[in-house]
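This report walks through one protein model, from its pocket to its backbone details. Please look over the sequence and the structure before reading on.

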Amino acid sequence: MLAAVPIGLIVTLGVFALVFAMPGDPLRELAGDKPIPAAVLAAKRAQFHLDQPFIVQYLLSMKDILTGNFGTTFAGGDIAAQLKLRIPVTLKLTLLANAFQWTLGLLFGIYAGFRRNGLVDRSLLLITLVLLAVPGLVAYFAAQFLFGVQLKWFPVSGVLEGFPRSYLLPALVIGLLGFAGLARLMRTSIVETVNADFVKTARAKGLGEQRVLWRHILPNALLPVVTFIGLDLAGMFGGAIITESIFNLPGLGQFMFQAIKLKEGGVVVLLSTLAFVSYIVINLAVDILYGILDPRVRNV
């Protein structure tokens, strides 16, 4: 937790520097071809601190974030109101995608691990290999065109049809792409744990298969899987930038994409801070879960 403070400063400063280094004038680009009076342009620059040096702009942005004074976008939209509207969208997409990914990945991974070299195991390895070979962008556009435009099974974009229908197609694509890595990891971890010495010892003591499974195999096999799930969940915000932009979902990812295009450094730093804090919280939860699954970790 202490290390998170300097890391957070480095991350936010680096992100702000990248946005600051982008070419072009954000206020002129926002106006398009319309002429802007010099007085209006100067007032807008002063309002958003664009007339200040880089480090001053960064410090003022961090001050606004820490005091909860998020202000407005260059277009005049209230940032706090935008967050209230967009956070639920990203949460719904993330939870639905993870529900597909975790359910399919854990179930098929566990079954394939216990039925090694069987039909399900071999089919799983082949299917997941194909899924891992498909780039995410290709999968998003292909699914959108096939199931949205051609077959019309799902909405092509937007959230007009509400939850969960508007979120099903992007969540399914994210879930299937994530399922491939999770299922293979779960399967490999089960295979390695089943052949471990402590499992053989438990069976030699005469313990029932159900007790061996729930008390010895699964808790140990889940340790690397918990790490994978934690990192995957923490990285969902980065993936949401692409997914929400393609499927036109008004979430935090789309907000970040728009802010980067318009060089809104304050908004980008704010969203990067939210992503960083969520990453720290999720990793802390993973550490706590490690201690629950493996009591030896508590004594380290």
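Which helix supplies the largest share of the lining of the largest pocket? The answer is α4, with five residues. The model is a predicted one, and the text below describes what was computed from it.

**Overall build**

The protein chain has 13 helices and zero strands. Along the principal axes, the C-alpha atoms fill a box of roughly 85 × 55 × 30 Å. Of the 300 residues in the protein chain, 37% are buried.

**The largest pocket**

The volume of the largest pocket is about 570 Å³. Its lining consists of 28 residues, and F48, S61, F74, G265 and G266 lie nearest the centre. Four helices each supply at least two residues of this lining: α1 (4-21), α3 (38-47), α4 (54-67) and α13 (265-293). By residue type, the lining divides into 13 nonpolar, 10 polar and five charged residues.

**A nonpolar patch on the surface**

Elsewhere in the description comes a surface feature. L104, L107, F108, Y111, V120 and L176 form a nonpolar patch, and together they have about 510 Å² of accessible area. Helix α5 (residues 79-114) gives the most to this patch, namely four residues. Y111 is found in helix α5. The relative accessible area of Y111 is 43%, so this residue counts as partly exposed.

**Salt bridges**

How many salt bridges does a search of the whole structure find? The search finds two. The table gives both pairs.

| Pair | Distance between closest N and O atoms |
|---|---|
| D121 and R187 | 2.8 Å |
| R165 and E161 | 2.5 Å |

In the D121 and R187 salt bridge, D121 lies in helix α6 (residues 119-133) and R187 in helix α8 (residues 165-194), so the pair ties together parts that are 66 residues apart in sequence. Both D121 and R187 are buried.

**Details in the loops**

Some backbone details fall in the loops between helices. The peptide bond from F163 to P164 is cis, with omega near 5°. P164 is placed in the loop between α7 (136-150) and α8.

H49 is not a glycine, yet its phi is positive, at about 60°. This residue is found in the loop between α3 and α4. H49 has a relative accessible area of 29%, which means that it is partly exposed.

N248 is another residue other than glycine with a positive phi, here near 55°. N248 sits in the loop between α11 and α12. With a relative accessible area of 42%, N248 is partly exposed.

L249 is found in the loop between α11 (236-246) and α12 (252-261). Why does L249 count as buried? L249 counts as buried because its relative accessibility is 1%, and the cut-off for buried is under 20%. L249 and L160 are 89 residues apart in sequence, while their C-alpha atoms are 9.9 Å apart in space.

Methods
Residues are numbered from 1 along each chain as its sequence is written. This is a predicted model: local features need pLDDT of at least 70, side-chain atom pairs count only at pLDDT 80 or more; totals for chains, interfaces and linings use all residues. Side-chain values use heavy atoms; hydrogens and water are left out. Patches are made of residues with over 30% relative accessible area and no salt bridge: like charges are joined within 9 Å, nonpolar side chains (Val, Leu, Ile, Met, Phe, Trp, Tyr) within 5 Å. Accessible areas come from the Shrake-Rupley method with a 1.4 Å probe; for residues, only the protein chains shown count as cover. A salt bridge is a side-chain nitrogen of Lys or Arg within 4 Å of a carboxyl oxygen of Asp or Glu. Buried means under 20% relative accessible area, exposed over 50%, partly exposed in between (1.4 Å probe, protein chains only). On a 1 Å grid over the protein atoms alone, a cavity is a set of points where a 1.4 Å probe fits but cannot get out, and a pocket is an open set with protein on both sides within 12 Å along at least five of seven lines; lining residues have an atom within 4 Å of a point. Grid points are joined across faces, edges and corners, and a volume is the space filled by probe spheres set on the points. Ala, Val, Leu, Ile, Met, Phe, Trp, Tyr, Cys and Pro count as nonpolar, Asp, Glu, Lys and Arg as charged, and the others, Gly among them, as polar.
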